[in-house]
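Let's take a friendly walk through a protein model, one feature at a time. Please have a look at the structure below before reading on.

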Amino acid sequence: MKKFELVREVAKQSGYSQEVVNSVIDTMCAVVAETVVTNGEEVNLPALGKFKQKVNAARKGINPLNKKPISIPETHTLAFKPTSSLKVTVE
């Protein structure tokens, strides 16, 4: 499902206009990203799951081309963990 399809379906089911729904979705995405990335907090959406920042520690690796050791720096990413009720629904 693409964003415009999501907006259309939410607008249809909620009775709000597509413009309002689109604005809410855009704002929600920005707030979730800012809260998780900038503030380092978790965002819990009870019906869906949790968004949180995941930190992958720095580690040693091997360059596959020349087999020499390399240092892989610490990385940060966004992780989503679905609720158990959503997992059951999917199964």
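## A pair of strands

Strand β3 (residues 59–62) and strand β4 (residues 69–72) run antiparallel and are joined by four bridges. Strands here are DSSP runs of E with at least two residues, helices are runs of H or I with at least four residues, and both are numbered from the N terminus. Two strands pair if DSSP finds at least two bridges between them. One of the bridges links Ile-62 to its partner Pro-69 in β4. Together β3 and β4 form a hairpin with six residues between them, and Lys-67 in the turn has a positive phi of about 60°.

## How to read the model

This is a predicted model, in which local features need pLDDT of at least 70 and side-chain atom pairs count only at pLDDT 80 or more, while totals for chains, interfaces and linings use all residues. Residues are numbered from 1 along each chain as its sequence is written, and side-chain values use heavy atoms, with hydrogens and water left out.

## The first helix and what follows

Helix α1 covers residues 3–14, which makes 12 residues. From its first C-alpha to its last, α1 reaches 16 Å, close to the 16 Å expected at 1.5 Å a residue. That expected span is 1.5 Å times one less than the number of residues in the helix. Just after α1 comes Gly-15, with a positive phi of about 90°.

Gln-18 belongs to helix α2 (residues 18–38). Which residues does Gln-18 touch, leaving aside its neighbours within four places in sequence? They are Val-7, Arg-8 and Ala-11, where contact means heavy atoms within 4.5 Å. Gln-18 has a relative accessible area of 41% and is partly exposed; buried means under 20%, exposed over 50%, and partly exposed in between, using a 1.4 Å probe and protein chains only. Gln-18 and Glu-41 are 23 residues apart in sequence, and their C-alpha atoms are 30 Å apart in space.

## Charged partners

Side chains of opposite charge can pair when their charged atoms come close. How many salt bridges does a search of the whole structure find? There are three, each defined as a side-chain nitrogen of Lys or Arg within 4 Å of a carboxyl oxygen of Asp or Glu. One of them joins Asp-26 and Lys-3, whose closest N and O atoms are 2.3 Å apart. Asp-26 lies in helix α2 and Lys-3 in helix α1, so this pair ties together parts that are 23 residues apart in sequence. Asp-26 is partly exposed at 37%, and Lys-3 is partly exposed at 39%.

Glu-9 and Lys-12 form another salt bridge, with their closest N and O atoms 3.9 Å apart. Both lie in helix α1, three residues apart, about one turn of the helix. Glu-9 is partly exposed at 29%, whereas Lys-12 is exposed at 64%. Lys-50 also has a salt-bridge partner, Glu-42, with the closest N and O atoms 3.5 Å apart.

## Two rings side by side

The structure holds one aromatic pair. The rings of Phe-51 and Phe-80 have centres 4.8 Å apart and planes at 50°, so the pair is tilted. Rings of Phe, Tyr and Trp (its six-membered ring) pair if their centres lie within 6.5 Å; planes under 30 degrees apart count as stacked, over 60 as edge-to-face and the rest as tilted.

Phe-51 is in strand β2 (residues 49–56) and Phe-80 in strand β5 (residues 75–82), so the pair ties together parts that are 29 residues apart in sequence. Phe-51 is partly exposed at 21%, and Phe-80 is partly exposed at 39%.
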